[in-house]
Amino acid sequence: MLSEQKIEQLLARQADIETRMSENPDPDAYVALSKEFSELQPVVAAVRKLKDSRSELADLTVMLEDKDLDADMREMATEERQALEANIPEIEHEVSILLLPKDVADDRDAILEVRAGTGGDEAALFAGSLFRMYQRYAELHGWKLEIISASDGDVGGYKEIIAGIKGEGVFARMKYESGVHRVQRVPETEGSGRIHTSAATVAVLPEAEEVDVQIEEKDLRVDVFRASGPGGQSVNTTDSAVRITHIPTGIVVSQQDEKSQHKNRAKGMKILRARIFDAERAKVDAERAEARRGQVGSGDRSERIRTYNFPQGRVTDHRINLTLYKLDHVIAGDALDEVVDALITEDQAARLAAINEPEDA
């Protein structure tokens, strides 16, 4: 239950920010204050609603203690009190969700990586299906998706494809897609009608700025080579392709889509920075939550998170035991929000439970 003291602290903080913004601080301070004010607004709106509801409940309780209250007023006040008593816990829950510690990366753009796993050509075709699902999902949310690099499959789809996604709240929603996605379907290349199982791995990384990850030149080994296309034919007559190795972590990034070595290096560094940033976040998260195995997974690349069963038309997310019999709509991107919303709700519930656990639990 949210204390009155906490409510007053939140309201006082918003008032303090408003005062400081009106005092014309320097531009950097103003931007920081504006961001905090914007983040506080939905919290304060819910807190005011809770404060008003509690006050109204107290007034009604006092009114109902009046023995001289006429029958009609008593009936009306009783109904209003019952409605408030039912509604206040919902508002308290809403405020608790809004006050949960926020992942600092949630507001960031993201790097999406989709790779074919086990299953040969069918895995590459499935990787293509997943990428098209994310393309449509990005479009529906008004996000901008730009392909950074792609390696085509032999019969279609992708062996690997990497893209950048920019927009509001990209990482907050896309981060739950990281992991192994499995498909069960009859391949187009299968004549006997036998159901085939294959997999693709998805990684969603928060885009990192240079200030987030300090990469020194001495820690890099950069190899240049001649780019080649499918089948090994040369697509460039100069050594424009770049392979960047970050020596301390062993992370390797190759980039050859651009004809310019400079552009390939810039794209490669963008991916490298995101991978290092993600690895550092994963290490901190693992140290912080070693004992909490029940949390909703959103980072383990080896975790099988979802199965797409085409013969039965169902999608199952194994982290929360959610099954939807609308595979066509999910794989088209139109119903992916139903899965993501359920994951977010479960994640919030798990984090609330962790906060409310007794110290000696």
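Two strands count as paired here if DSSP finds at least two bridges between them. Strands (E, at least two residues) and helices (H or I, at least four) are DSSP runs, numbered from the N terminus. This is a predicted model, where local features need pLDDT of at least 70, side-chain atom pairs count only at pLDDT 80 or more, and totals for chains, interfaces and linings use all residues. Residues are numbered from 1 along each chain as its sequence is written, and side-chain values use heavy atoms, with hydrogens and water left out.

**Strand β7 and its neighbours**

- On one side, β7 (residues 241–246) runs antiparallel to β6 (residues 220–225), joined by 6 bridges.
- In that pairing, R221 sits opposite T245 of β7.
- Strand β8 (residues 251–255) also runs antiparallel to β7, with 5 bridges joining them, and R243 faces S254 of β8.
- The β7–β8 hairpin has 4 residues between its strands, and G250 there takes a positive phi near 80 degrees.
- Since 5 of the 6 residues of β7 are buried, the rest of the structure largely encloses this strand. Buried means under 20% relative accessible area, exposed over 50%, and partly exposed in between (1.4 Å probe, protein chains only).

**Two asparagines with positive phi**

- Some background: most residues other than glycine have a negative phi.
- N24 has a positive phi, near 50 degrees, and lies in the loop between α1 (4–22) and α2 (27–64). N24 is exposed, at 69% relative accessible area.
- N321 has a positive phi too, near 55 degrees, in the loop between β10 (314–317) and β11 (322–324). N321 is exposed, with a relative accessible area of 68%.
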